[in-house]
Amino acid sequence: MPQHRRKSMGGFCIDQSTRYSVHTLFFKQALVLLLGCISWQAQAQHTYMFPVNPGKKSWLTGNFGEIRSSHFHAGLDIAANPGTPVRAVANGYVYRLKASTYGYGNAVYLYHPHTKQQSLYGHLLRFAPKIARYVRARQNQQQDFFYEEYLKAHAIPVAKGEIIAYVGNTGASAGPHLHFEIRTLADEALNPFQFKFKEIGYDNIPPVIRALAIKTLNINGRVNNRFGRYQFKVRKVARNRYTLGKVITANGKIGFELLTHDLMNRASNTYGTTKIKVVVDGRQVFLMDINKIDHHINKAMRVHADYAQHRRSYRGYQRCYVADGNPYTFYQTDALRGAVNIQDNRLHSVAIYATDFWGNTSILSFKIKGKLPPMVKFRPTSVPRRTYLSYEIQGNTLVLKGHYIRQKADIARFNVAGLAYDVPIVYMQGLTSVYLWDLRHGLPDYVELGSLRKKFNLRMLVPANRTVIYREAGRLEIKFPKGALFDTLYLETKLYKNSVTINSSYTPIFKNIEISLKPAVVPTNKKGWNVYQGNKFIKGSRWVGNKMVFQYDRLGNYRIARDISPPSLRWLRKSLYKISFRIKDNLSGIKNFKATLNGKFLLMNYEHKGFMIWSAAPLGNKRKALKGLFTLTITDKAGNVRYFKARL
């Protein structure tokens, strides 16, 4: 038998006689993979029908990945007139139904076995007859308008293109539209744009870059010789190019935040920008590409964006670095997680790219000059205004400010557990002197600056990675479960007669914390007392002994208040076939309602935005006269009840 030459290929030894058959095998496998990829892409593009007016041009009022109040928008908002049919995007069956006036309002969830994905249709005016009969039966059975159910498989099958509902404005909606999502079985929302719906069309307009913020990320960080977060206006110099028009000086660890929105052809709305890239001196340091949103962690938007800025001005500055505690995985970063550490005096080039789904890109270019902060001497003021001290906490740093100080104050003396630490001034900001204290070195009890003294109410350091319980004065207990915080919290509390303030409402948290609060004077009659943040009723607040116990996912001020007034009610319409009322509650809000006609349950629809309830029309074309004794019972969340009776 002849000996064949053997050839080594990357660690594998391949016989020369089998070389061509192996290459043929590799080619066939590659061809199969390629065809499979093409087939998958074709399926992704053509599997789903557009849910509203398929085949016709549609406009969007919202897109995937927009920054909303406390979450990412996880689908498309498709503009349409009320009553426009909503169609199933593929074969499948209904696996979840919801009738509500909150959140998605009336909603249908479908499961599609051939793709193993879900589709969601929200803010519906009403359900199509087949689904409506099922929902109506359940509402009558439980004698309640509010309804939600996970259905058994194949209980209500639907075909691709079948009308399942009609466009509406129910729930947390500001106008008629369909909220549409495509999700995985793990409740991860996918960007619907990837399915290439022709009704949306192609977009060639690049995103708009509105502003840039630069934030110091440690105690040594400086932006233009100052510590903190600073916003800069941008100047448009071409169709898709922007600049700051000036050089920024910086030192230490800093992070960029971009305010941007997208535009689409023939639309006046603004949309979310889902892809941002940062390049410093020709090297990519950060890439964000939001193509999947996990509903289980969607509250983490609070740490993806600058939460405090968003709460103050509803401007969604997107961080171009990964903040501590951020669980999202749609980032690519370097060792500094997107932050930039400047430790030289060189001129650095920065380019930030904002890109939409179609690849349209805008670029913000600017220069940063490395510069060590200068030595600063205190400048006393002669302005005749009251001198005082203030402070705020940014990350791990306490920023102390002395306002209108007239005597020499080069040093601030921080007292920590009985020990004094002298901290020099870092800079003057007009007539304000600024001093920085690293809270990781200890929580100060008070600070002295010249003749002024400021007491801090820092209670404890709360780490994010373990459960911590804090108690105060026998009146307050706060339980921080493990994972409730994004990052270390430097706890501050202020107890009042019937309320407590815990840090600031601008401090983001991830999950509910549990709070027990005892009022200074415990009421003998505990009926009607509940907990509120502002005028928002905190669901689930309850008396446990002499304390109000509740759970919530926002910090700030909580107060115990009493609601003893029942809901109000007045007629809006009274006819043979339909009745409607306006119902309101002065504080806690409407919890539930129940109507009867001649002693039998009568379903009433509810829309909280318009404060309206109205009799549900019979299904089908038959009109049923409303005659006899009508009763209506409305209960608010504090337990107050309004009774109404009339003969129709």
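Me: How many bridges join strand 18 to strand 27, and do they run parallel or antiparallel?
Reply: Strand 18 (residues 241-243) is joined to strand 27 (residues 361-370) by three bridges, and the two run parallel. Strands are DSSP runs of E with at least two residues, helices are runs of H or I with at least four residues, and both are numbered from the N terminus. Two strands pair if DSSP finds at least two bridges between them. The model is predicted: local features need pLDDT of at least 70, side-chain atom pairs count only at pLDDT 80 or more, and totals for chains, interfaces and linings use all residues. Residues are numbered from 1 along each chain as its sequence is written, and side-chain values use heavy atoms, with hydrogens and water left out.

Me: Which residue of strand 27 stands opposite Thr 243?
Reply: Ser 365 is the residue opposite Thr 243.

Me: What about strand 19 and strand 27, how many bridges there?
Reply: Strand 19 (residues 248-261) pairs with strand 27 in the parallel sense, over three bridges. Thr 249 has Lys 369 of strand 27 as its bridge partner.

Me: And strand 26 with strand 27, parallel or antiparallel?
Reply: Strand 26 (residues 347-355) runs antiparallel to strand 27, and nine bridges join them. His 348 is opposite Ile 368 of strand 27. Strands 26 and 27 form a hairpin with five residues between them, and Gly 359 in the turn has a positive phi of about 95°.

Me: Thr 355 next. Where does it lie, and is it buried or exposed?
Reply: Thr 355 lies in strand 26. Thr 355 is buried, with a relative accessible area of 11%; buried means under 20%, exposed over 50% and partly exposed in between, using a 1.4 Å probe and protein chains only.

Me: Which residues is Thr 355 in contact with, neighbours within four places aside?
Reply: Thr 355 is in contact with Pro 207, Thr 273, Thr 274, Lys 275, Asn 360 and Thr 361, where contact means heavy atoms within 4.5 Å. The side chains of Thr 355 and Thr 361 also make a polar contact at 3.0 Å. A polar contact is a pair of N or O atoms within 3.5 Å; within protein, one must be able to donate a hydrogen and the other to accept it, and residues adjacent in sequence count only if both atoms are side-chain atoms.

Me: Changing topic: what is the strand order in the open sheet of four strands?
Reply: The order is 47-48-52-51, with antiparallel pairing. Strand 47 (568-574) and strand 51 (604-607) stand at the edges with a single partner strand each, so one side of each has no neighbour in the sheet.

Me: How many bridges between strand 51 and strand 52?
Reply: Strand 51 and strand 52 (residues 612-615) pair over four bridges in the antiparallel sense. Met 604 has Ser 615 in strand 52 as its bridge partner.
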